[in-house]
Protein chains: 2
Amino acid sequence: MSEPVLLVLDTDPSPRLGRLTGRVRVRYTDDRGLAGHLPSADALLVWDFTSDAVRGAWPGDGPRPRWVHTASAGVDRLLCPALAASDTVVTNARGIFELPVAEYVAGLVLAFAKDLPGTLELQRLHHWRHREVRQLSGTRAVVVGAGPIGREITRLLHGLGVRVALVARRARRTIHGIEDLDRLAARADWVICAAPLTESTYGMFDARFFGLLQPSAVFVNVGRGPMVVETDLADALRKRWIAGAALDVFQEEPLGPDSPLWDVRGLVVSPHMSGDTAGWRDRLGEQFVDMYERWAAGEPLVNVVDKELGYVPSADGGDRPPAPRGS
Amino acid sequence: MSEPVLLVLDTDPSPRLGRLTGRVRVRYTDDRGLAGHLPSADALLVWDFTSDAVRGAWPGDGPRPRWVHTASAGVDRLLCPALAASDTVVTNARGIFELPVAEYVAGLVLAFAKDLPGTLELQRLHHWRHREVRQLSGTRAVVVGAGPIGREITRLLHGLGVRVALVARRARRTIHGIEDLDRLAARADWVICAAPLTESTYGMFDARFFGLLQPSAVFVNVGRGPMVVETDLADALRKRWIAGAALDVFQEEPLGPDSPLWDVRGLVVSPHMSGDTAGWRDRLGEQFVDMYERWAAGEPLVNVVDKELGYVPSADGGDRPPAPRGS
């Protein structure tokens with residue numbers, strides 16, 4: 001039997017696949033070459049997770065990879081009806097980004113509580129101006145998205161004394177359902193978005209939502225850009241409906257130099273890096289090689305995406321409606 | 001018996017002493033009037049903790065307050081040989097600043113780990129530049145000063161996964177003695193100063209010390225300014241001996257607009273506010289009123305400063321050399 005063909009939708013730097021030498025034929029492609037290579041590939045590694053080329057290139061009923069892995073937590077740039085309908089298994093990089101993203105969020109929240117942006121601005125002006133800052137402990141946060149990233153954010157903020165409500169699509173045990181979001185957000189000091197981008201989360205943070213928040217509230221998005229109506233957020237900040245916001249993800253990335261978002265007062269703009277701690281690329285590569293070895297050995301894959309939901313469901317099954325009684 | 005006289009070395013806003021109405025005669029003074037009022041006062045509240053007027057005004061053997069309370073954690077601006085030699089009790093504001101300062105330090109450390117200053121600078125330039133950031137969990141910190149503030153910093157950083165070594169004047173149980181500082185600092189990612197200013201800590205963070213640190217290390221001072229040789233720190237940053245620093249306290253406060261420190265690359269300058277969360281003034285006033293009631297009732301005071309050591313010693317007695325055997 002010939003070695004399987006692994007197609008890599010590449011970016012620079014390439015993944016380190018040395019451990020697979022001699023056991024797989026690796027082919028690299030860019031967006032334009034993808035459609036031509038897909039029919040002959042057994043597995044596809046979406047290493048360039050910023051690409052949405054798979055959507056356009058996925059073969060319908062023809063020969064196709066049996067497994068697609070993306071080096072990211074979100075799969076929104078990847079999934080399309082044809083891929084969702086096929087029997088191809090999709091996996092993601094669950095396990096790599098949780099702690100880095102949670103630390104990033106904790107850092108942002110503390111920076112707002114302590115007005116670090118104000119301090120740096122005053123420092124530029126050589127201006128000594130004492131202010132009263134906020135105590136983080138005892139404040140309230142709402143974390144939207146109860147996947148592993150949202151849960152890790154919850155853990156870290158809880159450790160800092162924050163009272164955190166975690167909101168998911170459906171309520172279960174200690175997790176609130178989306179129907180509780182408005183009520184929880186209205187009394188929150190911090191609203192953190194760490195949800196996957198799906199049809200039901202697209203544009204959910206809009207003028208209506210920002211209008212519910214306290215004037216002292218701060219909104220943070222480390223999920224995906226299109227969940228936020230950016231012009232509504234900018235308006236909410238300009239009108240002081242809310243006190244601050246931080247976006248690490250955007251509707252279009254990279255954010256162009258002419259975007260008005262750069263200059264919105266109270267908004268911190270960062271370049272989609274919350275999860276990218278030193279060595280992250282190597283960790284993603286190692287994770288893929290481990291998964292490849294399971295796959296090649298015929299073992300069940302982990303981190304399998306539910307292609308209908310658009311994310312890896314929790315082990316507790318709370319992402320799905322309960323089965324009808326007696327079924 | 002006439003009511004005791006409470007002298008308040010004032011600042012604006014004054015403390016709220018309403019609960020003491022009718023039980024104490026309150027007199028307010030500024031620095032210049034202090035010497036004239038001290039002989040007739042039973043107690044002195046140093047509400048303007050930035051003043052060092054007590055040092056110059058303290059009466060030698062003459063009539064004097066039996067109790068001095070300062071609305072601050074540090075007593076370095078207050079203590080003088082005449083006060084230290086007298087039987088006057090000195091108390092401080094232990095209990096007010098611990099959590100706010102610890103949160104502030106956690107915020108600074110996370111901001112450096114995630115390069116938030118760099119993000120804000122790039123945002124000003126409308127420049128999208130992805131960088132790899134640092135994971136905080138698993139890094140090493142040294143906290144110098146094992147009083148309640150240093151211990152609270154240790155607790156918070158530990159909760160964020162940082163391996164923290166706490167250094168005090170003398171080793172005890174899990175706390176390192178000052179003789180271990182160089183060795184610990186040489187492998188630390190974060191060096192935090194939360195020690196009291198005393199003769200033995202004055203100028204301890206100098207070129208020799210910064211020269212020991214890793215090039216990736218960050219130094220944070222939330223103790224007192226004169227513990228740091230500021231020109232040596234600025235040199236260490238300019239020469240890239242260390243990666244970053246944050247000073248919340250300075251040799252002279254407020255820092256003048258012409259100070260070269262404002263513009264040192266990698267240095268965050270904040271206006272001595274790490275402990276000052278919203279409502280801090282009221283909490284200081286309430287704490288004093290509680291202490292006053294103990295004092296007026298003849299009960300033992302808490303937060304009593306050891307005037308030789310220059311701070312409130314720990315309950316475990318580790319601040320003092322052990323008594324000689326057999327004594």
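**Sheets, packing and cavities in a predicted model**

In chain B, B:Val167 has B:His176 of β8(B) as its bridge partner. The model is predicted. The bridge belongs to a parallel pairing of β8(B) with strand β7 of chain B, residues 163–168, which extends over 2 bridges.

These two strands are part of an open sheet of 7 strands in chain B. Its order is β8-β7-β6-β9-β10-β11-β12, and the pairing is parallel. The edges are taken by β8 (176–177) and β12 (267–269) of chain B. Each edge strand has a single partner, so one side of each is left without a neighbour in the sheet. Strands of a sheet pair through backbone hydrogen bonds, in either the parallel or the antiparallel sense.

Two helices of chain B lie across strands of this sheet. Helix α6 (residues 148–159) of chain B lies across β6 (140–144), β7 and β9 of that chain. Its direction is at about 170° to β7(B). Helix α9 (residues 230–238) of chain B lies across β10 (218–221), β11 (244–247) and β12 of chain B. Here the angle to β11(B) is about 150°.

Chain B also contains an open sheet of 5 strands, ordered β2-β1-β3-β4-β5 and paired in parallel. Strands β2 (25–29) and β5 (89–91) of chain B stand at the edges. Each of them has a single partner strand, so one side of each lacks a neighbour in the sheet. On average, neighbouring strands of this sheet are turned by 20° against each other, direction ignored. Within the sheet, strand β3 (residues 43–46) of chain B runs parallel to strand β4 (residues 67–70) of chain B, and 4 bridges join them. B:Leu45 stands opposite B:His69 in β4(B). Helix α10 (residues 280–296) of chain B lies across β1 (5–9), β3, β4 and β5 of chain B. The helix runs at about 165° to β4(B).

B:Thr198 sits in a loop of chain B, between β9 (190–193) and α8 (207–212). The residue counts as buried because its relative accessibility is 17%, under the 20% cut-off. Leaving out residues up to four places away in sequence, B:Thr198 touches B:Leu309 and B:Tyr311.

In chain A, strand β10 (residues 218–221) is covered on both faces. A:Val218 and A:Val220 are buried on one side, and A:Phe219 and A:Asn221 are buried on the other. In a regular strand, side chains alternate between the two faces of the sheet. Strand β9 (residues 190–193) of chain A runs parallel to β10(A) and is joined to it by 4 bridges. A:Cys193 stands opposite A:Asn221 in β10(A).

A:Leu99 lies in helix α4 (residues 98–113) of chain A. Its contacts reach into both chains: A:Glu152, A:Arg155 and A:Leu156, together with B:Gln135 and B:Ser137, neighbours within four places in sequence being left aside. The C-alpha atoms of A:Leu99 and A:Ser274 are 9.8 Å apart, although 175 residues separate the two along the chain.

The structure holds 6 cavities of 30 Å³ or more. The largest cavity contains about 60 Å³ of space. Its lining includes A:Val46, A:Phe49, A:Val75 and A:Leu78. Also among the lining residues are A:Ser51, A:Thr70, A:Ser72 and A:Gly74, as well as A:Asp76, A:Arg77 and A:Arg224. By class, this lining has 4 nonpolar, 4 polar and 3 charged residues.

Notes. Residues numbered from 1 in each chain as written. Chains lettered and ligands numbered in written order. Predicted model: local features only at pLDDT ≥ 70, side-chain atom pairs only at ≥ 80, totals over all residues. Heavy atoms only, no water. 1 Å grid on protein atoms, 1.4 Å probe; cavity = no way out; pocket = protein on both sides within 12 Å on 5 of 7 lines; lining within 4 Å. Points joined across faces, edges and corners; volume = space filled by probe spheres on them. Nonpolar A, V, L, I, M, F, W, Y, C, P; charged D, E, K, R; others polar. Buried < 20%, exposed > 50% of the residue type's maximum accessible area, 1.4 Å probe, protein only. Contact = heavy atoms within 4.5 Å. Pairing = 2+ DSSP bridges. Axes fitted to C-alpha atoms, helices over the stretch in contact; angles between N-to-C directions.
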